[in-house]
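Please look over the model shown below.

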Amino acid sequence: MSVQQHTATTGNGHGHAHDGHGHHELPFWRKYIFSADHKVIGIQYGVTALVFLFFGFTLMMLMRWQLAYPGQPLPVFGKLLGETAMPGGVMAPEFYNQLGAMHGTIMVFLGVVPLAVGGFGNFVVPLQIGAPDMAFPRLNMASYWVFLPGCVLMVASFFLEGGAAQSGWTSYPPLSDIAPPGQTAWLFAMVLIITSSLLGSINFIVTIVQLRAKGLSFWRLPFFVHAQLVTAFLLLLAFPPLEAASVLQIMDRLAHTSFFLPSGLVVSGEPLKIAGGGNPLLWQHLFWFLAHPEVYVLILPAMGIVAEVIANNTRKPLWGYRLLVYSVVFLGFMSFIVWAHHMFMTGMGTTMSTFFQITTMIISIPSVIILTCFIMSLYGGNIRFTTPMLFATAFLPMFAIGGLTGLPLGLTASDIYLHDTFYVIGHFHYVVAPGTIFGLFAGVYYWYPKATGRKLNETLGKLHFWVSFVAINFIFMPMFFQGMAGLSRRLYDPTIYAHGRGVQALNVVISWGAWTLALAQIPFIINFFMSLKRGARVAENPWNATTLEWAAPSPPGHGNFLTEPVVYREPYEYSVPGQPNDYSPQFRAEA
Amino acid sequence: MDEKIYGWWLPPDVSVHGAKIDQLMSVLHWFMALLFIGWGIFFLYCLIRFRARPGHAALYTPVKAIATKYIEGFVLVVEIFLLFGLSTPVWLAYKNNVPDSAKALHVRLVAEQFAWNFQYPGKDGKFGKTDASFISADNPVGLDPEDAAGKDDLITVNNLHIPVGQPVMVDISSKDVIHSFNIPVLRVKQDTIPGQMIPVWFEATQPGHFELACAQLCGLGHYRMRGDVLIDTPEDFAKWQAENAPPPQEAPAAAAPEEKK
Amino acid sequence: MSETAIPYMVKPHPVTGIPNGKLGIWLFLASEVMLFGALFSSYVLIRTGMPHWPPEGGLSSEVLNVPLGTFNTAVLITSSITMVLAWASCKMGSLPKFRSWMGATVFLALVFLVVKYFEYSDKFHHEHFPSHDNFYAVYFVLTGLHGLHIVGGIIVNTYLLTAGSKMWQTDPEHFTNRVENAGLYWHFVDLVWIFLFPSLYLL
Amino acid sequence: MAETTEHEDVSKHMGKYYVVFVALLCLTAVTVGVSYLHLKRPLAITVALIIASVKAGLVAAVFMHLISERKVIYAVLILTALFFIVLLALPNLTTFEHHSGMPGT
């Protein structure tokens with residue numbers, strides 16, 4: 001629990017120089033299943049997360065049928081899901097709410113964060129800082145093996161009586177306190193996932209602080225590492241309050257305490273037999289204390305990836321590298337004191353709402369600076385439009401839309417109208433779907449050669465990108481109009497309302513956009529598996545990049561580097577005048 | 001209900017305070033569009049002008065971009081203006097300049113899964129005492145049968161009648177979970193928090209038949225937690241109140257002082 | 001075994017001046033601060049929202065057993081100093097002394113749990129379960145979670161006392177670091193109790 | 001802890017550890033004693049928290065060696081302390097204003 005079990009070294013324990021590759025072959029289960037190697041764990045996290053991203057996406061596609069064609073039976077699949085969930089092939093409202101809650105939870109906690117932090121963080125960070133592994137390899141393994149049962153429990157909760165959690169991914173009490181047992185499973189799964197994240201974040205911080213290669217000072221770190229460091233601090237300090245809140249909600253549900261339940265509740269005509277005296281808003285404070293920094297946990301690693309890909313494909317140093325670093329640090333810091341803008345409509349007093357409104361506006365400034373730095377990095381470049389670069393480029397306008405539409409939501413007066421409408425859905429999906437997930441796809445295409453020694457197919461990659469890019473905008477852009485029309489979120493049947501009927505045509509557009517987006521993932525899946533065997537073989541540095549991970553073999557063996565890497569210069573020395581190549585890697589001694 | 005008034009943008013505004021919110025929304029969206037289009041043009045220019053091609057090379061030295069500082073400065077100034085010039089004053093005015101309580105129509109709302117229960121004070125202008133222990137199928141707000149002030153109280157379900165031109169103050173609460181009281185055309189939204197009574201106010205400017213929606217997930221019936229908002233002329237409203245007033249009864253006990261948070 | 005050699009597992013990093021484990025344990029304690037911080041925050045929020053604390057009237061010190069709580073505070077403080085002495089014995093190169101002090105620490109931790117058991121069973125005997133009211137809910141959650149931390153400490157310390165102490169023969173410095181880290185955790189558990197005791201029992 | 005001459009170092013500190021131990025026991029007695037005076041709530045809370053903070057400070061500074069720790073650990077703890085204060089203050093301030101400052105209640 002407290003003392004890390006880190007008998008990492010062979011008997012003598014003090015070794016600095018690593019002695020190349022393993023002398024003894026480990027048995028299969030130690031090498032690929034219960035492995036302590038950061039690369040294997042990174043890939044385990046990455047693949048698990050990709051599976052959950054597609055699973056969470058599938059849940060959403062089911063919901064989109066109900067939204068586009070409310071009350072009509074879903075062809076083929078409707079029958080398969082059983083009579084409780086879809087009586088006569090028509091979705092039940094309870095099932096719709098389960099899908100909604102689980103879509104949010106799975107995408108955020110089982111998809112994006114594990115891919116961005118567990119996957120890319122684990123695989124890339126030690127390589128980029130020239131470390132042989134993470135600081136605590138066994139702790140790293142433990143982190144994954146705590147995470148996975150959490151995921152299994154989360155998904156298995158669909159089979160409980162009453163189904164999975166159905167109180168939204170935010171699980172606001174009292175609704176969640178009185179919900180069916182699926183909610184308890186949700187809470188226990190969250191405790192496991194949070195614990196796993198905490199173990200991971202400790203590992204990341206120690207690794208980045210202690211294990212950097214010789215010459216790799218903080219101002220020589222790739223931007224991705226800076227982003228991961230800030231992310232790790234967010235996870236470390238913001239997650240425990242949600243763990244505490246989960247414990248309190250578990251107590252409310254199992255021990256019948258009243259932390260979130262006030263006195264005098266009457267549920268379906270029956271007075272609730274509880275002591276009362278609690279406060280439902282307490283949960284919201286603790287939840288959003290995590291969940292707002294969580295937004296930056298999602299976006300910062302993606303920004304890091306985009307920075308790497310942009311520098312590599314514009315063949316010039318990142319514009320304003322230090323400014324970028326200051327911005328992410330400031331962003332991380334501020335993200336702790338803006339959370340209550342999610343609670344403007346709970347009857348907050350004017351002083352506190354004004355305070356949170358001001359901090360919310362302040363936090364938009366570093367985002368503007370980051371975007372400016374990225375776009376100025378394009379200026380004067382020699383831009384290669386490889387597949388990772390296409391995804392990274394698309395990240396910029398998508399993130400811009402997501403950021404701009406945050407303005408009306410962060411301002412209290414306009415939030416009165418837009419709060420909890422589809423405008424909110426559009427806003428944060430622009431940040432996390434075509435924003436973060438595109439950034440993560442850029443990472444998959446960019447580092448796949450490092451992980452497998454083979455490149456992904458560019459034609460399939462470009463097909464994947466273009467169809468996804470067009471489809472995803474057909475999904476999220478109409479949501480702003482639905483939100484402006486006043487349509488509430490989380491409605492099983494929006495056509496109940498006159499203003500919902502006014503924008504129902506858009507729901508059909510959105511749903512078809514979603515299904516097209518699903519089709520667009522087929523080339524990616526084919527590409528991902530086919531390239532394992534058939535992709536073009538690559539050497540250490542297929543992208544002519546400058547950062548340390550490209551000094552290791554592709555794929556890197558145990559211990560990562562053949563010789564201990566030494567760093568000689570800044571991370572993005574591209575197109576240095578007077579050099580024969582347009583890239584001067586950090587690890588090359590000659591200028 | 002007139003369906004044609006609902007399109008792909010803001011529905012009509014029939015409230016006194018809503019115009020300022022709409023103005024803020026319009027300024028905001030023009031600003032956002034301007035910024036995005038200007039930024040997008042520069043973005044596309046960069047992508048085309050600096051694409052890789054034979055004979056083209058990247059610039060190592062960073063460009064001195066004074067313009068970006070001006071643009072960032074401009075964004076900052078506009079944000080400060082939006083914050084302190086538009087949003088905060090509108091919010092503070094709405095939250096603090098509550099209309100004179102004596103002139104307003106007072107209504108209480110007790111939300112439940114999945115209905116809106118309104119309590120009108122009736123002729124005496126006093127709400128009858130309520131308590132959770134009295135709640136039953138035909139007493140949805142838990143009106144104390146012993147309380148004289150409650151004898152003339154009018155209870156409606158999913159039906160909010162209000163007059164034009166008179167401020168309405170609704171004290172909202174919930175008996176089970178969190179709901180959110182949302183009338184798009186009146187630009188009103190307020191979460192109903194169980195255990196708390198939170199006041200909201202609005203004043204309608206024209207009569208009509210509109211909708212009340214629940215904006216916060218409250219369970220499987222969240223989607224159908226719909227109410228009708230009927231804005232009447234003052235005369236029609238008075239008539240409605242008179243017609244629906246409960247029949248007078250003997251009032252046995254004196255009214256206990258009202259409990260307020 | 002062919003696990004990779006990680007630098008600074010035992011020797012301190014030349015710049016930060018500490019080995020990996022020590023930074024790791026402090027980061028872990030930082031997250032623990034936020035965990036208990038959230039619980040304390042909830043306690044304040046719930047308590048200030050209630051007209052009376054405890055809700056049934058009276059004083060916390062009349063509801064909870066102050067002598068037992070005081071005794072337990074003294075037990076934990078004593079276990080902290082025995083932990084320090086266990087670590088100091090390692091530093092001074094004496095495994096037998098380490099064994100006795102660490103044994104004392106584990107013993108005192110068990111005493112704490114036994115006293116806690118009597119307190120709990122007394123409450124349960126009077127039908128004062130967490131569901132009784134929010135006073136008991138807060139009391140049981142905060143002390144329960146703290147108790148779980150004590151259990152965790154007992155497991156770690158027992159490991160260091162028994163199987164873990166084999167490392168003394170091969171790598172005494174590494175072993176001493178582990179004892180130090182376990183000690184940091186143990187003092188933190190003591191420190192949490194130092195705040196829990198007055199806020200639950202006395203105020 | 002310096003690597004060299006560590007034996008002397010530790011034995012020199014032993015006296016300090018015992019002094020702190022006794023001080024902690026005394027402060028525990030004081031805080032329990034004060035609680036029997038039944039001071040007014042705000043005063044009682046202030047006194048109890050001050051004593052608890054002094055005790056916690058002693059444990060952290062001497063037993064956990066925070067008094068002579070490395071910069072990187074100070075940095076982590078300052079950051080944590082800051083967010084700890086935020087976590088304690090903002091939800092309670094918001095709730096307090098919510099209950100006291102609403103117009104019309």
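**Helix crossing**

- In this predicted model, helix 6 (residues 182–210) of chain A and helix 1 (residues 20–48) of chain C have axes that come within 9 Å and cross at roughly 140°.
- Axes are lines fitted to C-alpha atoms, for helices over the stretch in contact, with angles from 0 to 180 degrees between N-to-C directions; helices are DSSP runs (H or I, at least four residues) numbered from the N terminus.
- Helix 6 of chain A and helix 1 of chain C are therefore oblique to each other (angles under 35 degrees count as roughly parallel, over 145 as roughly antiparallel, 65 to 115 as roughly perpendicular, the rest as oblique).
- Leu198(A), Ile202(A), Ile205(A), Val206(A), Val209(A) and Gln210(A) make the contact from helix 6 of chain A, and Asn20(C), Leu23(C), Gly24(C), Leu27(C), Phe28(C) and Ser31(C) from helix 1 of chain C (contact: C-beta atoms, placed from the backbone, within 7 Å).

**Nonpolar core**

- Ile205(A), Val306(A), Phe395(A) and Ala442(A) have the most contacts inside the largest nonpolar core, which has 361 residues.
- Such a core is a set of buried Ala, Val, Leu, Ile, Met, Phe, Trp, Tyr and Cys residues joined through C-beta atoms within 7 Å, buried meaning 20 or more other C-beta atoms within 10 Å of the residue's own.
- Beyond neighbours within four places in sequence, Ile205(A) contacts Leu229(A), Ala232(A), Phe233(A), Leu236(A) and Leu27(C).

**Chains D and C**

- The contact takes 36 residues from chain D and 38 residues from chain C.
- Helix 1 of chain D gives the most to the chain D side, with 13 residues.

**Conventions**

- Residues are numbered from 1 along each chain as its sequence is written, and chains are lettered from A and ligands numbered from 1 in the order written.
- Local features need pLDDT of at least 70 and side-chain atom pairs count only at pLDDT 80 or more, while totals for chains, interfaces and linings use all residues.

Notes:
Helices (H or I, at least four residues) and strands (E, at least two) are DSSP runs, numbered from the N terminus. Two residues are in contact if their C-beta atoms, placed from the backbone, lie within 7 Å. A residue is buried if 20 or more other C-beta atoms lie within 10 Å of its own, exposed if 12 or fewer, and partly exposed in between; C-beta atoms are placed from the backbone.
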